[in-house]
Amino acid sequence: MKKITTLLIFIISLKLSAQITGRVTDTNNEGLPVVNVYTENELTGTTTNDDGLYILDIKKPGTYTIVFQYLGFQTWKKKVDIKKFPFELNAVLKEESISLNEVTINSKENPAIPIMKSMIKHRKENLDKISEFSADFYSKGLLKIKDAPKKFLGQKVETGNAVLDSTRSGIIYLSETISKIDHKRPDKFKETIVASKTSGDDNGISFNQASEVDFNIYENTIDMGKPIISPIASNAMANYRYKLEGSFYDDHGFMIYKIKVIPRRENNPVFSGYIYVVDEQWTVYGTDLKVSGKQMQQPVIKELHIKQTFNYQNQDEIWVVISQTLDFEAGIFGFNFNGRFSAAYSNYNFNPNFTKKTFGREILSFEEGATKKDSTFWENQRKVPLTLEETKDYKVRDSIVAREKTPEYLDSIDRAYNKWEWGNLFSGYSYRNSKKDYRISFDMPWTEFRFNTVQGWNSNVNLDFSKYNEDKGSSFYASATVEYGFSDDRVRPSGYVYYRFNQKTRPAISVRGGNRVKQFNRSEPITPFLNTVSSLFFQDNYMKVYEEDFASIRYSQKIFNGVLFYANLGYYDRSPLYNTTDQTFFPKSNRAYTSNNPFDGQSLNAPFIANSIYKTSIGFQFRFGEKYMSYPNFKISIPSSKYPTLLVQYGKAFGASNSDYNYDKIVGNIRQSFNIGNKGNFRYNISAGKFFNAENISAVDFQYFNGNELNFSTASRYTNVFNLLPYYKIYSKSEYSTMHAEHNFNSFIMGKIPLLNKLNYNLVIGGHALFTKENKPYTEFTVGLDNVGFGKFRLFRVDYIKSYFGNEQKDGFVIGAKIGF
């Protein structure tokens, strides 16, 4: 009865538009999802929804042959004579009869091997067949949560305007897009959003994108966050085993082989499932492939399931994707999600006559009014009909959005949000005014407690104000901080104001001022938390600091796509500081804290003379090959891994209290990260700088380099740190350069070693070098294991490091944790 009701509601909702409608089921009357429904000899069609319902848009009455195609089922055709609309056509599909009778089997050879060798041989040829095209694209994204916890770490879990049932399960994201796409191999792509809709969000902006679901089976690897090896990649035989399940004939008379693809090593970045192959043409008929989060080394994800259906285009003799689904399951900390991203391609044009102006840096844009389409438009243009659950979600959440705009509702949710709870004593308190769109937050001092030998125990309180204008894309932020050191008995206030004018060119201005304690190395190589632990537990006070009264202003803006400009001007009054406490939890009679002098831990003399100075700098960041996506009120930049990022900066220090402290400085940096197929990720980071007229500058202006004396690191990658270098052993006030390179093989090597491959660890190697005019070269070489941990928590890496500095050699191990302290 429920299925009949669903179908009746579905048909009534069509409002007599020019469409063929119906339901596709199996022989047990169960609705079949993602069945391709199209008119014969055309690449215009649709797919069924989860209930098996479909809408096929036909412009005028006439005689048509309607084709129903679904992987694993026999293709069914029906010739119909349509005199008026709407026209109802239901279909019952039978499971495909897979047979080995048509296959000649050599008992000495796996029959799947010659088939897959032919596929691999023709891979590039098939890739080149579709070198350029334009098409219409429809996408629907659906994300559900199941049994959502009411609280997490003592805090209430908010689900926005999502409509959850009594088990706290339901849809939390539902969005659709209709767009036009242009593509030219190897990497030119443009998508124009014609219509966009998101449930429960009146701005209508959807983040469904054709480029994000462009899974081309003919490429050697498919990007799923990490490169996954295709079953027909040039090196597929080394990564897969194959089994011929049988064959059948499709409606065009082509023999189709069903091949099971089996990973040779279960944790390698490969798929499992089925690939359907067209005999003699050696092209893909369909895919039904799965990959686990473990194989992708994304443990939050349980599994991804990709299903693609190809159709034969007679005119161009090409097999092309007409539908695709990406199903997934994920979960962590009691939050469990599942969802589906559906895509339908139609109206292919393989001779699009692209010009030089067709493609540029902009890869996505919205047509005027794309986010304002009404329900009538969507009912007529939607390629995949909504299920009852989705229809209800749109209706309920859109009504909630309308209600959320009323002053009464905004006041009611603010009263609930602003209510004081005892948990605020630990997490802090926030006050929100939704009508005026601002928020005030206050952090509790005990959440910021830390220790150093200059201030002793110290903490700070923060008062923040933020306001955002969604229409303009502008934002305003202001904060006031008061820090207090219990041992030096000093109060240090500071403030910060920031304003961003828009989110397209992102012009922004900020002002800072006050009094603060700063590390000599402005990169702050040791965090306050780690310094607290090393000081109180091991009596190692590595952090060296000074005091600074300051006032500064900064402006930044994207002046061109890929080019960021920034400028700073500031006044700084610097004074040395001294240890005021020797507190430690486990005092040792044979050792004591070092002084606050970074160059001589036994000296009680100040490392520099108090001084004041003005500084200004200008810089440019060039992200070569950067592309961007244009949304109605903002832009998102997409960096290219093919090209490096270059930073150049000129700085000048002037007006110092001692003229010897004035200087000029230029700095350059180039960095890049890119995948080398399935062989892992390589990244490098090279910097160089030069001081001018700096022979007698203050020690606070020296160039310091990120060292590490803890045998522990919180950096996820080591391309900006020397892990065996003492923090202040090497510095420069003349010329310097640093070079870091690291290659993470992912599972390329460890995944091939028996037994060890079950650990799912990654081999990482690296090299690091530091050159200064004042010192001999310093180098480090590293080899380690990444992705270390258990279950979903693989946050660690372990490295063995060997260093060379003149006649000095050191080695040691560093344990890394990819979490922030």
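User: Phe620 first. What is its relative accessible area, and does that make Phe620 buried, exposed or partly exposed?

Analyst: In this predicted model, Phe620 has a relative accessible area of 26%, so it is partly exposed.

User: Which ring does Phe620 pair with, and how are the planes set?

Analyst: The partner is Phe565. The ring centres of Phe565 and Phe620 are 5.3 Å apart and the planes are at 50°, so the pair is tilted.

User: Where do Phe565 and Phe620 lie in the chain?

Analyst: Phe565 is in strand E32 (residues 563–576) and Phe620 in strand E33 (residues 611–623). The pair therefore ties together parts that are 55 residues apart in sequence.

User: And Phe702 with Tyr731, how do those rings sit?

Analyst: The centres of the Phe702 and Tyr731 rings are 5.1 Å apart, with the planes at 10°, so that pair is stacked. Phe702 is in the loop between strand E38 (681–692) and strand E39 (703–704), while Tyr731 is in strand E41 (residues 731–732). The two are 29 residues apart, and the pair links distant parts of the chain.

User: Buried or exposed, for Phe702? And what does Tyr731 count as?

Analyst: Phe702 is buried, at a relative accessible area of 8%. Tyr731 counts as partly exposed, at 29% relative accessibility.

User: Which cluster do ring pairs form around there?

Analyst: Ring pairs join Phe702 and Tyr731 into a cluster with Phe520, Tyr546, Phe599, Phe608, Tyr704 and Tyr728.

User: How many aromatic pairs in the whole structure?

Analyst: The search finds 61.

User: Switching to cores. How many residues are in the largest nonpolar core, and which have the most contacts inside it?

Analyst: The largest nonpolar core has 65 residues. Met224, Tyr242, Ile259, Ile275 and Val277 have the most contacts within it. Strand E21 (residues 318–332) supplies the largest share of this core, seven residues. Apart from it lies another core, of 40 residues, including Tyr546, Phe608, Leu725 and Leu770.

User: What does Ile275 touch, leaving aside neighbours within four places in sequence?

Analyst: Ile275 contacts Met116, Ile217, Ile232, Tyr257, Lys258, Ile259, Val261, Val284, Gly286 and Thr287 on that basis.

User: What separates the C-alpha atoms of Ala236 and Pro263?

Analyst: They are separated by 9.8 Å, with the two residues 27 apart along the chain.

User: Now helix H7. Which residues are buried there?

Analyst: In H7 (residues 407–417), Tyr409, Leu410 and Asp414 are buried. These cover an arc of only 130° around the axis, which puts them on the same side of H7. Glu408, Arg415 and Ala416, on the other side of H7, are exposed.

User: What do the buried residues of H7 pack against?

Analyst: Helix H6 (388–404) and strand E24 (429–433). Val396 is in H6, and Val396 is partly exposed, with a relative accessible area of 26%. The C-alpha atoms of Val396 and Ser199 are separated by 9.0 Å, although the residues are 197 apart along the chain.

User: Last thing, confidence. What is the average pLDDT, and where does it stay under 50?

Analyst: The chain averages a pLDDT of 90, and 94% of the residues score at least 70. The value stays under 50 over residues 1–16, for which the model has 25 contacts beyond four places in sequence. Where pLDDT is low, the predicted coordinates should not be read in detail.

Definitions and conventions
Residues numbered from 1 in each chain as written. Predicted model: local features only at pLDDT ≥ 70, side-chain atom pairs only at ≥ 80, totals over all residues. Heavy atoms only, no water. pLDDT = per-residue confidence, 0-100. Contact = heavy atoms within 4.5 Å. Core = buried A, V, L, I, M, F, W, Y, C linked by side-chain atoms within 4.5 Å. Buried < 20%, exposed > 50% of the residue type's maximum accessible area, 1.4 Å probe, protein only. Helix = DSSP H or I, 4+ residues; strand = E, 2+ residues; numbered from the N terminus. Arc of directions from axis to C-beta. Phe/Tyr/Trp six-rings, centres within 6.5 Å; stacked < 30°, edge-to-face > 60°.
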